[in-house]
Amino acid sequence: MRSVKSGAGYFMVLPYVVYFLTFVAYPLVFSFILIFHRWNVATPMEFIGFKNFVRLFNDELFFKSLFNTLVFLSIHIPLQIFYSAIFRAAFKSKDKDERIL
């Protein structure tokens with residue numbers, strides 16, 4: 001077994017690492033910081049602790065939107081599973097006579 005000591009492997013992984021850090025890790029860490037701060041882009045951040053959560057859970061629109069999201073998902077996910085099963089049956093039947101498409 002030969003060991004590759006050049007940096008070719010790291011060079012090949014570099015685009016994914018840059019993508020991951022730019023579009024996944026940084027926004028995740030920054031949004032975690034933002035949930036405990038009040039920030040208008042023009043003003044510096046002000047630490048307010050859990051006041052954002054208190055405000056969120058006292059807002060009736062939050063619970064309405066949460067309910068609407070759950071209703072949407074309870075309809076969308078079963079329909080998506082049903083249609084994917086139909087397409088799978090149409091394209092992957094072993095017997096050519098049973099195939100729809």
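L21 sits in helix α1, which covers residues 8-34. Welcome to this quick tour; please keep in mind that the model is predicted. The protein chain has three helices and two strands, and their order along the sequence is α-β-β-α-α.

**The chain as a whole**

- The protein chain has 101 residues, and 5% of them count as buried.
- If you look at contacts between residues at least 6 apart in sequence, 0% of them join residues at least 24 apart.

**L21 and the nonpolar patch**

- Which residues make the nonpolar surface patch? The patch is built from M12, V13, Y16, V17, Y19, F20, L21, F23 and V24.
- This nonpolar patch amounts to about 910 Å² of surface.
- L21, one of the patch residues, has a relative accessible area of 48% and is therefore partly exposed.
- Patch membership calls for over 30% relative accessible area, and L21 has 48%.

**The salt bridge**

- How many salt bridges does the count come to? The count is one salt bridge.
- The partners are E46 and R38, whose side chains meet at 3.6 Å, taken from N to O.
- E46 has a relative accessible area of 41%, so this residue counts as partly exposed.
- R38 is partly exposed as well, because its relative accessible area is 47%.
- In terms of secondary structure, strand β1 spans 37-38 and strand β2 spans 46-47, so R38 belongs to β1 and E46 to β2.

- Where is W39 placed? You will find W39 in the loop between β1 (37-38) and β2 (46-47).
- Is W39 buried, exposed or partly exposed? With 36% relative accessibility, W39 counts as partly exposed.
- Once neighbours within four places in sequence are set aside, W39 is in contact with F30, L34, P44 and M45.
- Of these contact partners, F30 and L34 fall within the residue range 8-34 of helix α1.
- The W39 side chain also reaches a backbone atom, namely the oxygen of T43, at 3.0 Å.

Definitions and conventions:
Residues numbered from 1 in each chain as written. Predicted model: local features only at pLDDT ≥ 70, side-chain atom pairs only at ≥ 80, totals over all residues. Heavy atoms only, no water. Patch = residues over 30% accessible without salt bridge, like charges linked within 9 Å, V, L, I, M, F, W, Y side chains within 5 Å. Areas by Shrake-Rupley, 256 points an atom, 1.4 Å probe, with all protein chains shown as cover. Salt bridge = Lys/Arg side-chain N within 4 Å of Asp/Glu carboxyl O. Helix = DSSP H or I, 4+ residues; strand = E, 2+ residues; numbered from the N terminus. Buried < 20%, exposed > 50% of the residue type's maximum accessible area, 1.4 Å probe, protein only. Contact = heavy atoms within 4.5 Å. Polar contact = N/O pair within 3.5 Å; in protein donor to acceptor, adjacent residues only side chain to side chain.
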